[in-house]
Amino acid sequence: MSMYSDEAPVNPLPPVVIALCVFLVGIELVFLAGENGLIGGTDAVGWRISAIENWGFREPLFSWMVENGQFRVLDLARMLTYPFLHISFMHLLFVLVFLLALGKMVGEVFGPIAFLTIYFGAAIAGALTYWLVWDTPIVLFGGYAAVYGLIGAYTFLLWTSLAHTGGNQLQAFRLIAFLAGIQLAFGLLFGGGIDWVAEAGGFVAGFGLSFLVSPGGWSRVVARLRQR
């Protein structure tokens with residue numbers, strides 16, 4: 001029994017995933033405290049909406065910057081800040097489920113720098129996809145595009161594993177196909193939003209960036225393809 005005495009009963013999460021979760025929850029707790037009158041006085045009730053308006057991704061604003069060639073740092077930062085803003089605790093909770101479930105595997109395999117590259121790279125790609133597809137005043141916010149990037153990275157891991165073992169690589173895309181199906185069903189039944197394009201962009205970015213930042217990266221994939 002002594003050989004197992006030093007093993008943790010539960011495998012710990014990578015520190016980068018824990019830090020990201022703590023930061024997300026911390027922001028939400030500030031909003032909740034303000035809405036319940038615990039801090040900030042009467043003005044705190046509107047903190048959440050003000051933050052979404054001031055730090056969410058605004059498609060018309062980005063279009064204006066592109067048309068005029070004026071890229072202001074604070075406005076560009078919206079592509080990195082919008083994933084930290086949620087309309088409610090339940091909204092955040094679903095993001096945390098994906099982050100915890102996929103963050104452990106992706107974080108352990110890729111390492112903290114690559115993990116953050118995928119997370120924020122997917123957020124940027126999601127915002128750009130949103131801008132390219134829609135002409136809308138609706139502000140983009142929430143962490144779904146970023147965590148869909150983790151789904152893309154997870155899909156990449158399955159894809160390369162199946163390539164190594166000679167399995168059907170299309171099976172790697174089961175998760176994203178399932179999620180897309182669920183989202184389509186909910187959209188048909190209850191009416192869907194337009195931010196699904198950002199999630200799609202985040203997934204594609206997460207999958208694509210994995211070729212560059214995963215251990216071995218693109219060279220490993222090319223080597224395996226040459227062996228076939």
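Which side chain meets that of R48 in a salt bridge at 2.7 Å, N to O? A few friendly points on this and other features follow; please keep in mind that the model is predicted.

1. The partner is E35, whose side chain meets that of R48 at 2.7 Å, N to O. R48 lies in helix α2 and E35 in helix α1, so the pair ties together parts that are 13 residues apart in sequence. R48 is buried, with a relative accessible area of 4%, whereas E35 counts as partly exposed at 33%.

2. R48 also forms a salt bridge with E28, with 2.8 Å between the closest N and O atoms. Helix α2 (residues 47-55) holds R48 and helix α1 (residues 15-35) holds E28, so this pair ties together parts 20 residues apart in sequence. Both R48 and E28 are buried, and E28, E35 and R48 are linked in a network of salt bridges.

3. The count of salt bridges comes to 6. One of them joins the side chains of R72 and D75 (2.8 Å, N to O). Here R72 is partly exposed at 42% relative accessible area, while D75 is buried at 14%.

4. On the surface, F89, M90, L93, F94 and V97 form a nonpolar patch, with about 460 Å² of accessible area together. F94 lies in helix α6 (residues 89-110) and is partly exposed, at 48% relative accessible area.

5. Helices α8 (144-165) and α10 (196-213) are the elements that give two or more residues to its lining, which divides into 6 nonpolar, 1 polar and 2 charged residues. Among the lining residues are Y82, F141, D195 and E199.

Note on methods. Residues numbered from 1 in each chain as written. Predicted model: local features only at pLDDT ≥ 70, side-chain atom pairs only at ≥ 80, totals over all residues. Heavy atoms only, no water. Patch = residues over 30% accessible without salt bridge, like charges linked within 9 Å, V, L, I, M, F, W, Y side chains within 5 Å. Areas by Shrake-Rupley, 256 points an atom, 1.4 Å probe, with all protein chains shown as cover. Salt bridge = Lys/Arg side-chain N within 4 Å of Asp/Glu carboxyl O. Helix = DSSP H or I, 4+ residues; strand = E, 2+ residues; numbered from the N terminus. Buried < 20%, exposed > 50% of the residue type's maximum accessible area, 1.4 Å probe, protein only. 1 Å grid on protein atoms, 1.4 Å probe; cavity = no way out; pocket = protein on both sides within 12 Å on 5 of 7 lines; lining within 4 Å. Nonpolar A, V, L, I, M, F, W, Y, C, P; charged D, E, K, R; others polar.
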